Amino acid sequence: TYPIFYYSMCVMDFLGEHKNGPLWIAKLLEKPKIKETFYMGEAFQAILDKNETNLNLALTNLLVKHQGRVRHGDLRETAEGLICMSAMTIGYIGLINNMHLTVDSEYFSCRYLEYLLKSK
């Protein structure tokens, strides 16, 4: 199964009432050579562990990987190239779990996520 499937399952799990998150996280962490999904797994694990330091580090690593894809043309001139949707989604999940984000990147907006949470 393609690793991005496990990311999607994690998102649904964290936003719903399901308790299969650890299973999907383990699948994301299974292949550390696939950096993007591995960092997603680390971020979800940090949310599960309520570890803000690890969440911010994993999101930062994910954004560095995203920036590399944009700069090398993989995402150039696409909507996803402007902002890292997976990091934004995970960041939002962190916020709704009462975690503080300190991520600084042109591909990520803490202020926008905080606005979404307040307007909820």
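## Buried or exposed

A residue counts as buried under 20% relative accessible area, as exposed over 50%, and as partly exposed in between (1.4 Å probe, protein chains only). S86 is placed in helix α6, where helices (H or I, at least four residues) and strands (E, at least two) are DSSP runs, numbered from the N terminus. Leaving out residues up to four places away in sequence, S86 touches Y7, M40 and L62, with contact meaning heavy atoms within 4.5 Å.

A word on where this comes from: it is a predicted model, so local features need pLDDT of at least 70 and side-chain atom pairs count only at pLDDT 80 or more, while totals for chains, interfaces and linings use all residues. Residues are numbered from 1 along each chain as its sequence is written, and side-chain values use heavy atoms, with hydrogens and water left out.

## Helix α1 against α6

α1 and helix α6 (residues 85-96) pack at an angle of about 25°, their axes 11 Å apart. Axes here are lines fitted to C-alpha atoms, for helices over the stretch in contact, and angles run from 0 to 180 degrees between N-to-C directions. That makes α1 roughly parallel to α6; the classes are roughly parallel under 35 degrees, roughly antiparallel over 145, roughly perpendicular from 65 to 115, and oblique for the rest.

On the α1 side the contact is made by Y7, V11, F14 and L15, and on the α6 side by M85, S86, T89, I90, I93 and I96. Sorted by type, the residues of this α1 and α6 contact are eight nonpolar, two polar and no charged. For that sorting, Ala, Val, Leu, Ile, Met, Phe, Trp, Tyr, Cys and Pro count as nonpolar, Asp, Glu, Lys and Arg as charged, and the others, Gly among them, as polar.

## Helix α1 against α2

With α2, the angle is about 155° and the axes are 9 Å apart. So α1 is roughly antiparallel to α2. From α1, P3, F5, Y6, Y7, M9, C10, D13 and F14 meet G21, W24, I25, K27 and L28 in α2. The residues of this contact divide into 10 nonpolar, one polar and two charged.

W24, found in helix α2 (residues 21-29), is worth a look. At 14% relative accessibility, W24 counts as buried. Neighbours within four places in sequence aside, W24 is in contact with F5, Y6, M9, C10 and D13. The C-alpha atoms of W24 and M9 are separated by 6.5 Å, though the two are 15 residues apart along the chain.

## Aromatic pairs

Rings of Phe, Tyr and Trp (its six-membered ring) pair if their centres lie within 6.5 Å; planes under 30 degrees apart are stacked, over 60 edge-to-face, and the rest tilted. The count comes to seven aromatic pairs. Y7 and F44 have ring centres 6.1 Å apart and planes at 45°, so this pair is tilted. Y7 lies in α1 (residues 3-15) and F44 in helix α3 (residues 35-49), so the pair ties together parts 37 residues apart in sequence. Y7 is buried at 11% relative accessible area, and F44 is buried at 0%. Elsewhere, F5, Y6 and W24 form one aromatic cluster.

## Two loop residues

K50 has a positive phi of about 60° although it is not a glycine, and K50 lies in the loop between α3 and α4 (52-71). N98, also not a glycine, has a positive phi of about 60°. N98 is in the loop between α6 and α7 (110-118) and counts as exposed at 70% relative accessibility.
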